[in-house]
Amino acid sequence: MKAALVYGPMDVRVVDVPKPEIGAGEALIRVKICMTSGTTIKQYVRPYPGWGYPHGFGYEWAGEVEEVGKDVDKSLIGKRCTTSRPSQVCNCFFCVRGKPHLCARWRDAMKTTKHSDNPETGEVSGRFIEYVKAPASLVNVLPEHLSSEDACQILYVAVAQHGNNNVNIKVGDTVATVGGGAMGMIHLMLSHLRGAQTVCIDKSQSRLDFAKKIGAADYIINAGNTEEAKEKLKELNINEGYGPDVVIEAVGLPETYEEAFELVRRGGQVLMYGGTLQGTTVTFDTYHLHYDEITIVASTAATPIDLVRAYNLVERGMIKPSVFISGEYPLTRIKEALELHRTNKGIKYAIIP
Ligand SMILES: [Zn+2]
């Protein structure tokens, strides 16, 4: 069977790997869809923390159970499913305090082991692949009304939801995102659900138009720098001109971190959401921080309860992440899809293995 692996920066190859063999209690799942995402693009263009080459990738996926092992209910066969779950829970300091996304064991493992895959033995992680096996107990069967295109992105919604929950958004607030990618747009949608009006700030007019078209953004601002963004926010006269109550950074660059901090109103909150490279530093005006009493919060990953909340939102049709799919590509043409995503042509691409 075929799998796409990263062999180095900008070097993705579709190679033959052995099909997984399942044992008792396991299910063999045919991957039907796997999305390109911010994480897969980072893994495509540069070394990724904790990973050596070559390694598999692709995390937002859905499939169909094709075979089950001994002791597994045969009625699972033919069912559409996912197996995504964000993190394990162990007995470390953080897990017992309800923060499994900060798990000490997981972090230590990330630091000390450089995980790479072995295409010869078929030990390949990620879901840009034709088949995967999983313990049957982890198979989540999808209800009929929930499309694979929506279901495969629930983890993505869960991670955004985790961050959105870290800031206190109230009915009638104005929330602005610096960044109009899929993550920024999910933050806008979640903020709408909380009763806020939304502003999307980006440099790409096509992304902004899209954010407006799908109803994620009430207002869009095309700004090349912080001063321009400030100016245009002023024209909208949000909060008597003081600016948004909450600003969410959804890019992951030092300049957007600084911009988000600059744009928030006195007494407001900033969510630093985008992941940056280790060692990245930013500069803040501490006068603004102290005298304007700015709250800065961050977020990373998601917990099992975030996944449940995200599932509920998507299953009920309150968030439809399938709107972000800009096109479909077979696994053999994954490089084209990654390039389109990387160069901001379209939002996300569905790979059909
Ligand atoms: Zn733990």
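These legends describe views of a predicted protein model.

Residue numbers start from 1 along each chain, in the order its sequence is written. In this predicted model, local features need pLDDT of at least 70 and side-chain atom pairs count only at pLDDT 80 or more, while totals for chains, interfaces and linings use all residues.

**View 1. The whole protein.** The protein has twelve helices and 16 strands (DSSP runs, numbered from the N terminus: helices are H or I, at least four residues; strands are E, at least two). Its radius of gyration is 21 Å, close to the 20 Å from the globule rule for 353 residues, so the protein is as compact as a globular protein of that length (taken over C-alpha atoms; the rule is 2.2 Å times the number of residues to the power 0.38). The C-alpha trace spans about 65 × 45 × 40 Å along its principal axes.

**View 2. Two domains.** Domain 1 covers 2-156 + 302-352, and domain 2 covers 167-298 (bounds from an automatic or database domain assignment). Their C-alpha centres lie 29 Å apart. Nine residues of domain 1 are in contact with ten residues of domain 2 (C-beta atoms, placed from the backbone, within 7 Å).

**View 3. Helices α5 and α11.** Helix α5 (residues 154-166) packs against helix α11 (residues 304-315) at an angle of about 115°, with the axes 8 Å apart (axes are lines fitted to C-alpha atoms over the stretch in contact; angles run from 0 to 180 degrees between N-to-C directions). Residues of α5 in the contact include Leu155, Ala158 and His162. From α11 come, among others, Asp306, Arg309 and Tyr311.

Methods:
Two residues are in contact if their C-beta atoms, placed from the backbone, lie within 7 Å.
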